[in-house]
Amino acid sequence: MNLSEARHALQAARRVAVLTGAGISAESGIPTFRDAQTGHWARFRPEDLASPDAYRRDPDLVWEWYAGRYRDVLAAQPNRGHELLAELERQKGTGFFLATQNVDGLHARAGSGQGGGQLVELHGNLSHARDEVTGEVFALPDPAGLTLPPLSPAGRRMRPHIVWFGEYLPEDALEAAQNAFAGADVALVIGTSSVVYPAAGLALETLRRGGIVIEINPDSTDLTRMATFSLRETASRGLELLLGEEG
């Protein structure tokens, strides 16, 4: 398959499923989890900041880390890649599904999930927290008004609304993604290394059912050899080429 054929397949598809990873947010200046471990945080292992055990040991430390990341993502803006996916959703309507591994909320801020399709944040969202007792999810206040640890409306401590090391993805989110990719005419896999399961297995669901998988990534990944077509481009540039928006 070449670029022209891939573009035509995407245009003709009634059902499109998309998986995005850190690569699409890198263009907005959002560092990956490990890249964010600079300065004071460089001495910590990821498991010291993002695991149930770490939270039990030192919830204040964990919240300090996540409050900093929350401030950083609010200061960032959606980029052209986010905007093009929101436009693709408006074109496809209810036939569009977007699953993201990112926790920065930039897809929603660009309009994804508001054009008739569905947006699922597989790993949670930095701008939300959940009641430790009930599991209810609430939006955090602006960073200037955020006190740590945040409390739910019922006065109970909340934890970050993030899937940590050692935790499973939410069953409903994962099931929705698996169903969407299994039923997709075309799947787009954008800016992800395709090594973290179960998200990395979503494109295989599309291939098993005879669908087309298009990968956009500057580097070769574990998915590349199986994908129907791979674009060695950044997320925004690859989407511009696929959608004929390259100018």
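This is a predicted model: local features need pLDDT of at least 70, side-chain atom pairs count only at pLDDT 80 or more; totals for chains, interfaces and linings use all residues.
How many bridges join β8 to β9? Three of them do, and the two strands run parallel. Helices (H or I, at least four residues) and strands (E, at least two) are taken here as DSSP runs, numbered from the N terminus, and two strands pair if DSSP finds at least two bridges between them.

Residues are numbered from 1 along each chain as its sequence is written, and side-chain values use heavy atoms, with hydrogens and water left out.

The β8-β9 pair belongs to an open sheet of six strands, ordered β3-β2-β1-β7-β8-β9 with parallel pairing. The edges are taken by β3 (118-121) and β9, each with a single partner strand, so one side of each has no neighbour in the sheet. From one strand to the next, the twist averages 15°. Across β7, β8 and β9 lies α9, running at about 135° to β8; axes are lines fitted to C-alpha atoms, for helices over the stretch in contact, and angles run from 0 to 180 degrees between N-to-C directions.

Next comes α1 (residues 3-12), where Ala6, Ala9 and Leu10 are buried (under 20% relative accessible area; exposed is over 50%, partly exposed in between, with a 1.4 Å probe and protein chains only). Seen down the helix axis, the buried residues of α1 fall within an arc of 95°, so they line one face; the arc is that of the directions from the axis to the C-beta atoms. These buried residues pack against β1 (16-20), α5 (80-92), β7 (186-190), β8 (212-216), β9 (229-231) and α9 (235-242), with contact meaning heavy atoms within 4.5 Å. On the other side of α1, Ser4, His8, Gln11 and Ala12 are exposed.

Gly135 sits in the loop between β4 (124-131) and β5, and counts as partly exposed at 35% relative accessibility. Pro149 lies in the loop between β5 (137-139) and β6 (158-162), and the peptide bond from Leu148 to Pro149 is cis, with omega near -10°. Most peptide bonds, by contrast, are trans.
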